[in-house]
Amino acid sequence: MCKKTAHQKVSATLSLCVLAVAFGGTRDAMSTIALEVPGIGSIPMELHQAAAPNAVAELTRLATAGGAARLHRAEPHPPPGSMGPPYALVQFSIEDGAAFQAIAHEGNAKIQRGSVCKIGGASDVFISLAKHGEHDGWEASMTVLGVVPEPALSELVEQKILALPRHDFKHPTYGTVMSMLDKELPCRLTLSS
């Protein structure tokens with residue numbers, strides 16, 4: 001009985017190690033920052049350093065400095081069977097984000113519901129609200145930095161931000177129809193305690 005118990009403990013420990021490696025390393029390889037949005041709350045973002053070391057390092061540096069941002073896009077879920085528009089995401093731009101913008105695409109993690117993603121060639125970040133694979137294939141140009149955990153994803157991002165007044169806007173260069181907030185919200189990146 002003792003041998004079996006010891007074997008089970010070793011097996012369980014190895015299983016946990018395999019899971020840690022599969023999901024971007026151990027807890028030590030993760031940092032948590034927050035997007036502080038007045039009137040909405042503090043949206044935690046768990047950043048996975050192994051997935052995008054350069055982008056995560058710069059975003060963490062910006063949060064350490066209390067970097068300013070502005071929340072400007074809020075896209076509800078598309079109708080059943082559609083991949084958009086709307087595109088099931090919330091997007092913010094980082095002020096003074098030139099160094100963040102210059103970071104090349106990293107990794108190939110699949111974008112899932114709650115993923116925090118850097119938009120290629122921009123100082124913008126979006127939080128995926130996709131429930132049905134609406135962002136499949138976007139990982140080719142978007143860098144997955146981490147995740148917004150529940151209940152913050154549902155309670156703050158979906159329920160509060162998507163409830164704000166918004167309007168459609170057609171991008172002048174690409175023709176993409178986007179759902180933009182009627183009034184941009186100034187916000188701040190901070191380190192979470």
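**Entry 1: a charged pair**

I began with Arg73 and Glu75, whose side chains meet in a salt bridge at 2.9 Å, N to O. I took a salt bridge to be a side-chain nitrogen of Lys or Arg within 4 Å of a carboxyl oxygen of Asp or Glu. Side chains of opposite charge can pair when their charged atoms come close.

I then looked up how far each partner is covered, where buried means under 20% relative accessible area, exposed over 50%, and partly exposed in between (1.4 Å probe, protein chains only). Arg73 is buried, with a relative accessible area of 10%. Glu75 is also listed as buried, at 0% relative accessibility.

**Entry 2: basis of the entries**

I note that this is a predicted model, in which local features need pLDDT of at least 70 and side-chain atom pairs count only at pLDDT 80 or more, while totals for chains, interfaces and linings use all residues. Residues are numbered from 1 along each chain as its sequence is written, and side-chain values use heavy atoms, with hydrogens and water left out.

**Entry 3: the whole protein**

I recorded four helices and nine strands. Helices (H or I, at least four residues) and strands (E, at least two) are DSSP runs, numbered from the N terminus. Along the sequence their pattern reads α-β-β-α-β-β-α-β-β-β-α-β-β.

The protein has 193 residues, of which 41% count as buried. It exposes about 10,200 Å², and carbon and sulfur atoms supply 59% of this area. The areas come from the Shrake-Rupley method with a 1.4 Å probe; for residues, only the protein chains shown count as cover.

I also looked up contacts, meaning heavy atoms within 4.5 Å. Among contacts between residues at least 6 apart in sequence, 64% join residues at least 24 apart.

**Entry 4: a network of salt bridges**

The structure holds seven salt bridges. Which residues are linked in a network of salt bridges? I found Arg70, Glu95 and Glu184.

Glu95 pairs with Arg70, and their closest N and O atoms are 3.0 Å apart. Glu95 lies in the loop between strand 4 and helix 3 (98–101) and Arg70 in strand 3, so this pair ties together parts that are 25 residues apart in sequence.

Arg70 also forms a salt bridge with Glu184, where the closest N and O atoms are 3.2 Å apart. Arg70 belongs to strand 3 and Glu184 to strand 9 (residues 177–191), so this pair ties together parts that are 114 residues apart in sequence.

I checked the cover of each member. Arg70 is partly exposed at 29% relative accessibility, Glu95 is partly exposed at 33%, and Glu184 is partly exposed at 39%.

I turned to strand 4 (residues 89–94). Is this strand mostly covered or mostly uncovered? It is mostly covered, as six of its six residues are buried. Leu89, Gln91 and Ser93 point one way from the strand, whereas Val90, Phe92 and Ile94 point the other way.

Two strands pair if DSSP finds at least two bridges between them. Strand 3 (residues 68–75) runs antiparallel to strand 4, and six bridges join them; Ala74 has Val90 as its bridge partner in strand 4. Strand 4 is also joined to strand 6 (residues 124–128) by five bridges, again antiparallel. There Gln91 stands opposite Phe126 of strand 6.

Strand 1 (residues 30–37) and strand 2 (residues 41–48) pair in the antiparallel sense over eight bridges. Glu36 stands opposite Ser42 in strand 2. The hairpin of these strands has three residues between them, and Gly39 takes a positive phi near 85°.

Strand 2 is joined to strand 7 (residues 142–147) by two bridges, and these strands run antiparallel. Here Glu46 faces Val147 of strand 7.

**Entry 5: a residue of helix 2**

I looked up Thr60, which lies in helix 2 (residues 53–64). At 19% relative accessibility, Thr60 counts as buried. Leaving aside neighbours within four places in sequence, Thr60 is in contact with Ser31, Ile33, Leu47 and Leu191.
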